[in-house]
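Grab a pencil and work through these exercises with the model open beside you. Try each task before you read its solution.

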Amino acid sequence: MRRWSLAVSLGFLLACEPGGAPIPSSPAATTPAIVETALPVAAPAASPTESPALATGRAPAEAPDPETASVEQAGGQPARPNVLLITVDSVRADHVGTYGGPARTPTLDWLASQGVRFTNVYAQLPQTTPSHAAILTGQYASTSGVRIAHHDALPDGKPTLARAMQDAGYQTGGIYSWAGPVDGFDQGFQNYVNVATADADGRADLTTDAAIAWLTKAAAERDKPFFLWVHYRDPHYPYEPPAPFDTLYAPRCDGCVDGSLATLNRLHGGWRPTPAELARILAAYDGEISYSDHEVGRLLTQLTALGLEPTTLVVVTSDHGDAFGEHGEWFHGLGVYQETIHVPLVARLPGALPAGVAFDGVVQLIDVMPTVLDVVGLPPAPSAEGRSLVSALRSGGTTDGPAITEVSDGHYTAVVLGEWKLIRDNLSGQRALYHLPSDPGEQRNRAASDPGPAARLTAVLDQWDATRAAGTLWRAP
Ligand SMILES: [Zn+2]
């Protein structure tokens with residue numbers, strides 16, 4: 001089977017984008033090599049506590065009439081809404097302030113207060129390139145062909161969200177800040193900039209500057225809507241936020257453990273932090289999240305200044321989370337526990353989406369593409385395996401389908417359905433079942449005590465496996 005053959009690529013995978021120790025059976029196993037380099041960062045221009053609304057001094061926007069939520073074209077025909085898709089790398093949902101986490105995120109708070117906060121969102125593969133491919137194509141990694149980070153690329157001609165938008169007459173721009181080889185993500189973008197140069201990798205301020213420059217230019221063409229994808233890398237390790245975010249959650253301490261590459265390499269070598277040392281690493285991680293939130297706020301402030309905020313669908317999410325030893329894993333890539341696959345997702349378009357709503361149905365990142373197309377009134381992509389969430393949102397309903405996560409080497413597959421989550425070790429056949437509302441830390445395996453849910457979720461994975469073996473698209477039952 002294909003998934004087993006991928007196991008031989010594991011060494012390469014670890015060297016390129018480290019995840020953590022193999023889990024769940026051997027929490028003491030070693031952490032893979034870390035090869036990335038730390039880069040300097042610049043101080044932000046403003047306070048991290050300012051929301052886009054506060055930064056501009058304007059009152060929070062009121063929801064306009066749906067009829068006005070579109071731009072007038074020169075010929076009098078209403079244009080479709082603009083789309084601003086923002087992905088912030090490596091943000092686990094439970095660390096985001098908007099989700100009750102420790103990292104203050106006033107921008108996301110502001111967006112969620114006027115849009116939809118999805119509480120139950122899952123990445124399809126917890127690594128940067130495969131997960132972004134899933135977002136852009138609406139397909140699982142095992143379908144899109146982008147399964148191994150820094151190795152696989154989207155095949156030429158692959159249907160993507162950018163291509164669909166461009167074909168519909170949108171101006172399309174992509175601002176990406178992840179250093180890597182050709183990944184094919186530029187398909188469908190009229191303008192595509194990778195700001196992850198040798199001295200700019202992880203610089204959210206430069207990412208925002210590039211996005212603002214593109215946005216300002218696109219705004220000049222009022223009769224043509226835009227689709228802009230902006231990727232912020234900063235919360236990805238190493239964790240070295242600029243001032244004042246570096247001391248937002250822990251005081252300065254010379255010689256103490258920090259979130260630098262040196263610390264990460266110590267972890268790789270088997271060192272494990274004390275609770276106090278782990279708290280400092282987490283403080284640096286949370287500082288990166290707040291810094292990125294601040295930069296997203298700066299971008300949204302410009303969106304408002306250009307008069308585009310009422311007619312722009314804003315979507316903010318992350319490609320995966322990060323683990324800090326909870327189940328023996330550090331960082332991301334190999335495990336499928338909540339810390340690396342449960343991500344935030346917030347969407348706002350005044351008048352078109354509900355405001356101030358928490359959506360608790362199970363959602364997958366492959367649902368982003370179908371949902372965006374639906375919101376702006378474009379036909380669904382037949383190639384997408386995700387589903388539009390629009391009807392559930394507008395009806396006040398929910399989703400009843402599963403979320404499925406795979407890993408590059410095929411070792412584990414996870415499925416979330418309703419309140420239950422099942423992790424299957426594809427090598428041993430062992431299963432672990434967790435009841436997420438009562439056990440969000442996934443500590444009590446109930447596979448034996450709750451055979452009904454275990455069988456139900458196993459059946460979903462079996463159906464999903466069958467589509468992988470047949471090379472067909474997954475359609476949720
Ligand atoms: Zn990532």
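A quick term before we start: a crossing is left-handed if the near helix is turned anticlockwise from the far one by less than a right angle, and right-handed if clockwise. This is a predicted model, where local features need pLDDT of at least 70 and side-chain atom pairs count only at pLDDT 80 or more, while totals for chains, interfaces and linings use all residues. Residues are numbered from 1 along each chain as its sequence is written.

**Exercise 1. Work out how H8 and H10 pack.**

Step 1: Find the elements. Helices (H or I, at least four residues) and strands (E, at least two) are DSSP runs, numbered from the N terminus. The protein chain has 14 helices and 15 strands.

Step 2: Get the geometry. Helix H8 (residues 204-219) packs on H10 at an angle of about 15 degrees, and their axes are 10 Å apart. Axes are lines fitted to C-alpha atoms, for helices over the stretch in contact, and angles run from 0 to 180 degrees between N-to-C directions.

Step 3: Name the arrangement. That angle makes H8 roughly parallel to H10 (under 35 degrees is roughly parallel, over 145 roughly antiparallel, 65 to 115 roughly perpendicular, the rest oblique). H8 passes H10 in a right-handed crossing.

Step 4: List who touches (C-beta atoms, placed from the backbone, within 7 Å). H8 brings residues including Ala204, Thr208 and Leu215, and H10 brings residues including Tyr291, Arg298 and Leu303.

Step 5: Sort them. The contact of H8 with H10 has seven nonpolar, four polar and three charged residues. Here Ala, Val, Leu, Ile, Met, Phe, Trp, Tyr, Cys and Pro count as nonpolar, Asp, Glu, Lys and Arg as charged, and the others, Gly among them, as polar.

**Exercise 2. Now do the H4 and H10 pair.**

Step 1: Helix H4 (residues 106-114) meets helix H10 (residues 275-305) at about 55 degrees, with the axes 7 Å apart. So H4 is oblique to H10.

Step 2: On the H4 side, Pro106, Thr107 and Leu108 make the contact, and on the H10 side it's Asp293, Val296, Gly297 and Leu300. That splits into four nonpolar, two polar and one charged.

Step 3: Trp110 and Gln114 are among them.

**Exercise 3. Trace the four-stranded sheet.**

Step 1: The order is S12-S13-S14-S15, an open sheet with antiparallel pairing (strands pair if DSSP finds at least two bridges between them). Strands S12 (403-406) and S15 (431-435) are at the edges with a single partner strand each, so one side of each has no neighbour in the sheet.

Step 2: Count bridges. Four join S12 to S13, six join S13 to S14, and five join S14 (residues 420-425) to S15.

Step 3: Check the partners. Thr413 is the bridge partner of Glu406 and stands opposite Arg424 in S14.

Step 4: Look at the turns. The S12-S13 hairpin has five residues between its strands, and Gly410 in the turn has a positive phi of about 75 degrees. The S13-S14 hairpin has two, with Gly418 at a positive phi of about 60 degrees.

Step 5: See what covers S13. Both of its faces are covered, with Tyr412, Ala414 and Val416 buried on one side and Thr413, Val415 and Leu417 on the other.

Methods
Contact = placed C-beta atoms within 7 Å. Buried ≥ 20, exposed ≤ 12 C-beta atoms within 10 Å, placed from the backbone.
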